[in-house]
Amino acid sequence: MRPRTDTSRNSKPGSSRWSRNPKRPIAPIGTVPLLWLFGLIATLFFLLPFLALLWQTPWSELDTLLRRPMVAQALRLSVISSFAAALISTIFGVPLAWLLARSVFPGRTLVRALVTMPLVLPPVVGGVALLFAFGRRGVVGEALYESTGVVLPYSIWAVILANVFVAMPFLVVTIEAALANMDGRLELAASTLGASSWRVFWRVTLPSIVPSLVAGMALAWARALGEFGATITFAGNLSGRTQTLPLAVFVAMESDRDLAVALSLILMVIALAVLVALRGHWWAR
Amino acid sequence: MTSLESASRPGQLHAHVVVARSNSFQLDVSILAAPGEMVAILGPNGSGKSTLLAALAGLLPIDFGEIRLGSQIFDSPESNIFLRSVDRRVGVVFQDLLLFPHLSVLDNIAFGLRARGVPKAVARAQAQRWAEEFGVGELIGAKATALSGGQAQRVALARALAVEPTLLLLDEPLSALDVESAAAVLVQLNENLISSGTVGVLVTHDPQEAYLLAETMYIIESGRITQHGAPKDVFTHPATAYVRAASEKVRAL
Amino acid sequence: MKRGKIYILLVVFAVLSSACTSSSSEDEPVLVFAAASLTDAFASLQEDFELAHPEVRVEFNFAGSGLLREQISQGAPADIFASADLGNMETLSSVGLVVDPVQVFALNRMALAVSAGNPKAITSLVDLERDDLLVGLCTAGVPCGDLARRLLVGAGISPRLATEEPNVRALANKIALDELDVGLVYVTDIVALAPVIEGVEMPDDDNFTTPYPIAVVKDAPHRQGAETFFDYVNSNRAAQILEEHGFQTPK
């Protein structure tokens, strides 16, 4: 008979301390039927569309469909641009989050509102705004074009920029919350030990928020992967150069439904793969 | 400059701290401590001792007065001088210890050395030495979060002393230790202070701790010093009701 | 407690019954699914139609013809479908999702569009092969895109593309903004967006007209109103307005 308190099994969070038989853990406060019901409905709501998609998949033609060159190109562009966007969002988003969380400067509220706007605005609006700023006739873009002949739209850089625009806010919001919630006294302790402000940030602050950092990056990456409106408006749509998977799906919907489904399947698989790989590993504190 | 200046010996702590915390509370105290000496600040909660500690550590600027260690001015509002804590060679052991959870014990102790530019290998070797001196030598590989209260407190002490500070500040340093360990740590600490000429300031609400550790004690109540002197003298001749009550908690008397 | 429950039941019943009755009433608007290239023309038609038939209101859903076709075949509650090509309409009529008769009510032609002032001095289709230009087309699969490609193949031209826009208005807007130098859009788009956009005439043998069919959707929720609108769009009165927008009409 196992002893009642078997501490070796209690190292994982969420494991029940009160079970007599470790094979059948009983939640200490009991289940809440109402929560189970609503949670189940929510699960079904997300599960059904994906199941419907799988139901509509032309499994027999899938192989032929996926061999089309535009598929590999869309996949390549999506992967490159989403990861690049996540990286750039981190490099610039973490400092911004740090400023918002730790510094007091005039206009801080405005900056925070601006950074959060892409979360609220329709992505197409973001795309139009990017075009007006960085397009060939844009506020900044025109100067760039006149002086160097460089046109940002219709290139992969435009795709990445559009992705960063919609994705970075997710990272900034996550990191700012993490910074606000961490024990700031650790930073004070480091300061008394003689650490410069950079060292405090690099060796104490950042390591303290690693789980949130990973979560923020994952969120930004996921948003970038699915980005459509800003991309098609600002970067355009050309297979091999700017047509990411979401764009390819939209275009395929016009004339080739099977292709659209096949492309959607790829997007789902990538998203699931990365999100499942990250879950539990890094997200749990 | 002033006669006070010429009277202070090298390394002596000379602190006149005036801080207005809120409308009702004002801290106005004067502390003197010689190199190698451990001074205790004893007072009830809310008396201003944490504010005093923060001011000495450089985490809080004072409103009036001056904090000077030897010839180095830490804080002087009149002369518009304020040395941030990163620029003071001060070692702090916080009440909550504040060990870095993502670093091992060794790297925690070595942190201050690395911050001052000591190469990694050298810093780790020195940290090792400090760890052994405080009896946590076998734990250097452990994560800071995996320690017992007493072990963590020794690590925090080692971390603060590893940078060889000129001023050591302690906030309730023995609260997590049992009596025997406390005695051992105490001996260690005093040896270190005397040999390095470090000034030690200990803030506590525990009269026993003050009695055990300090040569000189200041009683702080509602932001003012109400009595000071050698702990034995203060406790045997209490000047206020608080001190009288405190003296009853000291076992040695 | 029991009385409270009865009141709740009464309220629910009242709400449900009112919802049921209103959905079959004819004062709900007729829903027209129309190709994006019909946006401006149909806006004008709507004004005129509601003057002539104040008892019927019309609402529009403008998008690429293929997407609209897909939505209708998935059961979208459209009353009318107006496509920019015959193909999408035929797909629906072959499975009986639209009601006979299917009428061609307008014809469009392609035009070379450039931004105001024609800064890059574009004169013909051949310019689309220049490598100093940003050229746009509609995506293949959209009527505007398919038509453009037929034109280009017929003329033996392979353009260097910067982008393929999902609908013709998106393309026209980018040209108007001078974010693209040139593209193939409809004459109606030139008319609608002038003067920020200009058309370059193309010789007739390079160009041809494309028909726009319209039909009432089977099981339209507002059958009567839909038929009224259908007849109106095919009338002489509507033809006049359509021609003002740059369409040609079968009359």
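Predicted model: local features only at pLDDT ≥ 70, side-chain atom pairs only at ≥ 80, totals over all residues.

Reader: Which kinds of secondary structure make up chain A?

Author: Chain A comes to 13 helices and zero strands. Read along the sequence, its pattern is therefore written as α-α-α-α-α-α-α-α-α-α-α-α-α. As for burial, 36% of the 285 residues in chain A are buried.

Reader: What does chain B supply where chain B touches chain A?

Author: Here 15 residues of chain B are in contact with 14 residues of chain A. Strand 7 (90-93) and helix 3 (105-115) of chain B are the elements that give two or more residues to the side of chain B that touches chain A. Helix 3 of chain B gives the most, with three residues. The residues on this side of chain B divide into eleven nonpolar, three polar and one charged.

Reader: How far apart are the closest C-alpha atoms of chain B and chain C?

Author: They lie 49 Å apart, and no contact joins chain B and chain C.

Reader: How does one read the two faces of a strand, and which residues of strand 7 of chain B lie on each side?

Author: In a regular strand, the side chains alternate between the two faces of the sheet. In strand 7 of chain B, Val90(B) and Val92(B) are on one side, while Gly91(B) and Val93(B) are on the other. These four residues are all buried, and both faces of the strand are covered. Strand 7 of chain B also pairs with strand 8 (residues 167-171) of chain B, in the parallel sense and over four bridges. Within strand 8 of chain B, Leu170(B) is the residue that stands opposite Val93(B).

Reader: May we turn to domains? Into which domains is chain C divided?

Author: A domain may be assembled from separate stretches of the sequence, as the bounds here show. Chain C is divided into domain 1 (2-106 + 212-244) and domain 2 (108-209). The C-alpha centres of these two domains of chain C lie 31 Å apart. In the contact between them, 14 residues of domain 1 of chain C meet 13 residues of domain 2 of chain C. Helix 2 (39-52) and helix 3 (65-73) of chain C each supply at least two residues of the domain 1 side. Of the elements on that side, helix 2 of chain C gives the most, with three residues. The residues of the domain 1 side divide into seven nonpolar, five polar and two charged.

Reader: How does one read the burial of a helix, and which residues of helix 8 of chain C are buried?

Author: One lists the buried residues and then looks down the axis. In helix 8 (residues 223-233) of chain C they are Gly225(C), Ala226(C), Phe229(C), Phe230(C) and Val233(C). Seen down the axis of this helix, they fall within an arc of 140 degrees, so they line one face of the helix.

Reader: Which residues touch the most other members of the largest nonpolar core?

Author: This core has 127 residues, and those touching the most other members are Ala162(A), Ala220(A), Ile80(C), Phe81(C), Ala113(C), Val185(C) and Phe229(C). Helix 7 (residues 156-181) of chain A gives the most to this core, with 16 residues. Both domain 1 and domain 2 of chain C give residues to this core, so it lies between them. Apart from it lies another core, of 90 residues, among them Ile67(B), Leu97(B), Leu113(B) and Leu169(B).

Reader: Finally, is Cys144(C) buried or exposed?

Author: Cys144(C), which lies in helix 5 (residues 143-155) of chain C, is buried, with 31 other C-beta atoms within 10 Å. Leaving aside residues up to four places away in sequence, Cys144(C) touches Ser37(C), Ala84(C), Cys138(C), Val168(C), Val185(C) and Tyr186(C).

Key. Residues numbered from 1 in each chain as written. Chains lettered and ligands numbered in written order. Domains from an automatic or database assignment. Contact = placed C-beta atoms within 7 Å. Nonpolar A, V, L, I, M, F, W, Y, C, P; charged D, E, K, R; others polar. Buried ≥ 20, exposed ≤ 12 C-beta atoms within 10 Å, placed from the backbone. Arc of directions from axis to C-beta. Core = buried A, V, L, I, M, F, W, Y, C linked by C-beta atoms within 7 Å. Pairing = 2+ DSSP bridges.
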